[in-house]
Amino acid sequence: MIHSTGRDALVTLLAGGAGVAGSYAVTGNTPDFVAAPVNAFVIEVTPPAVIAFSIQTLGEVGDKLAFASALMLTILLFALGAFVALVVGRRARGTGGLVSVLLAGVLAWGTATVLTGTFVPALGAALGVGIVVGIASVSVGNPAFDTGRRRVLGSLVGALTVGIAGYLLGSRRTGQPRKLPERTPPEGHTDQSNRSSSKGMGSGKKKRMPDMRTVEDLLAEAKRKSLDVEGLPGLVSSTDEFYEVDISSFNPDVNETEWSLAVTGSVEEELRIDYADLTSMSSVNVYKTLRCVGEQLNAHLLNNAIWTAVPMMDVIERAKPKGDCGCVMLRAADDYYEEFPLAALESGLLAFGMNGFSLPRNHGYPVRALIPGHWGEINVKWLTEIEVLDKPAEGFWEEKGWHGTGPVTTVAKLWVENTLSDGRKQVGGLAYAGTRGVERVEVSTDGGETWNDARLSKPLKGDDVWRQWAYEWKPSGTHEVVVRAVDGTGKLQPRAENQPYPNGATGWVSETIS
Ligand SMILES: Nc1nc2c(c(=O)[nH]1)N[C@H]1C(S)=C(S)[C@@H](COP(=O)(O)O)O[C@H]1N2
Ligand SMILES: [Mo]
């Protein structure tokens, strides 16, 4: 038999769990879910060094740990309220059950409202806690059973039911990306007419002609240029395989009809643009590769997609930015913020499409920033505001000691290792050097004594794209294979070995192959 305080503790924990599940039923995985602010709190109070370690060493496991501890803390918080309600109810005698349920509900609702700042979705939590406390209170009044055990069993069944229902309801997927309409070229437009008319103007002022390539054109180009190497990722990553890095396990769920982007701060005219306006502006389809500064040297937080986007300056310039530091703060719906030089946004894009579809929620729906050549973190997702600053400030990651807004470093990854039918060994991977481009990849099969040029995929037409490489040789015994890239300026990938924190991992990838 469980001792009665033990029983109370168990019942209140179950009620706490039901509260969290009830909240999830209403909100799903969004910031309105009660565990989201607790998760943010956990990240806030975790020392930056621990976060850096978690990102570098634990990766996704670290995220899950943070999430699990947030969930536990939230359950405890609701359990506390349920405990108070049960104690008070017991004092009230006759109407005690009703008092407990009402009090438990009100406490849970209050807690959830304070946590999330929204009071309607908080009712889900109140309902969850109320149901379990209700079952526990009713069982108390029934003399026909061993009330202690019945309370625990009843609460368990109640909590499980709420838990499963909450999980199912909350996991309903909120909106799928939809296929973007094919853009129709302007009247009478062909590449040819474009070129001749630009010459014909003869003003001497070169205006860049709009890039009219469709997503299908780009997909076809990538397919044509891909190396035929078993197991090597393609030149365009599918949306599902594209890596994801977020500051929170709870991504914002922004609706495009309520979304807008504001250009604020030190500007002549603050402006606000909505989704319909943005997507009706003239847009381009481009390849762009993203890489996270927090990844290990040979990890896979490196992908390339086709993005549909509007040049950022087409929007920012309308606000006529002033600003004394020449810098801006990009802000997002998940309270993420990153600071960046205004001048560096010249080539920036506001992306609303990924691989021919509207952006998926986890990659920043409805609109994200893309900044060619820079680490992933400045490619702000769920973008809501561009604030022109008067004096420099620090971004989210920079406050935690990272230097992740600068240009990416050069890297060659060694991702596949094959034995060909003729007995030769084959190694391959992807190489990336931001806007400098990859000029060459060199492979050594003797630990760095001698070097050979790898085959490279033909460069994709774009300013910021990776390239595939592959190399084959006749093996004899064990080989220490080392790869390194040379960027478009002729600079060799740095040899010095460094961990990702704070400037991004450096060194040459090497593998022993026998
Ligand atoms: N709003 C917001 N934008 C963000 C982040 C984030 O957590 N919140 N993560 C950044 C980081 S660290 C990286 S590496 C890229 C990853 O983009 P992806 O998840 O689409 O691959 O998004 C960046 N933009
Ligand atoms: Mo990142």
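I'll cover the ligand site, then a surface patch.

This is a predicted model, where local features need pLDDT of at least 70, side-chain atom pairs count only at pLDDT 80 or more, and totals for chains, interfaces and linings use all residues. Residues are numbered from 1 along each chain as written, ligands are numbered from 1 in the order written, and side-chain values use heavy atoms, without hydrogens or water.

Ligand 1 first. How many residues surround ligand 1? There are 18, and the closest are Tyr-243, Asp-334, His-363, Arg-368 and Lys-381. Near here means a heavy atom within 4 Å. The shell has nine nonpolar, three polar and six charged residues.

Now the polar contacts, meaning pairs of N or O atoms within 3.5 Å. Asp-334 places a polar side-chain atom 2.7 Å from a nitrogen of ligand 1. In His-363, a side-chain N or O atom is 2.7 Å from a ligand 1 oxygen. Ile-247 uses its backbone: an N or O atom there is 2.8 Å from an oxygen of ligand 1. The protein covers 99% of the 530 Å² of accessible area that ligand 1 has on its own (Shrake-Rupley, 1.4 Å probe).

On to the surface. Leu-13, Phe-41, Val-45, Leu-73 and Leu-76 form a nonpolar patch with about 450 Å² of accessible area together. Patch residues have over 30% relative accessible area and no salt bridge, and nonpolar side chains are joined within 5 Å. A salt bridge is a Lys or Arg side-chain nitrogen within 4 Å of an Asp or Glu carboxyl oxygen. Helix 2 (35-45) and helix 4 (60-91) each supply at least two patch residues. Helices are DSSP runs (H or I) of at least four residues. Leu-13 sits in helix 1 (residues 4-27). Why is Leu-13 called partly exposed? Because its relative accessibility is 37%, and partly exposed lies between buried, under 20%, and exposed, over 50%.

Terms used. Patches are made of residues with over 30% relative accessible area and no salt bridge: like charges are joined within 9 Å, nonpolar side chains (Val, Leu, Ile, Met, Phe, Trp, Tyr) within 5 Å. Buried means under 20% relative accessible area, exposed over 50%, partly exposed in between (1.4 Å probe, protein chains only). A polar contact is a pair of N or O atoms within 3.5 Å; within protein, one must be able to donate a hydrogen and the other to accept it, and residues adjacent in sequence count only if both atoms are side-chain atoms. Ala, Val, Leu, Ile, Met, Phe, Trp, Tyr, Cys and Pro count as nonpolar, Asp, Glu, Lys and Arg as charged, and the others, Gly among them, as polar.
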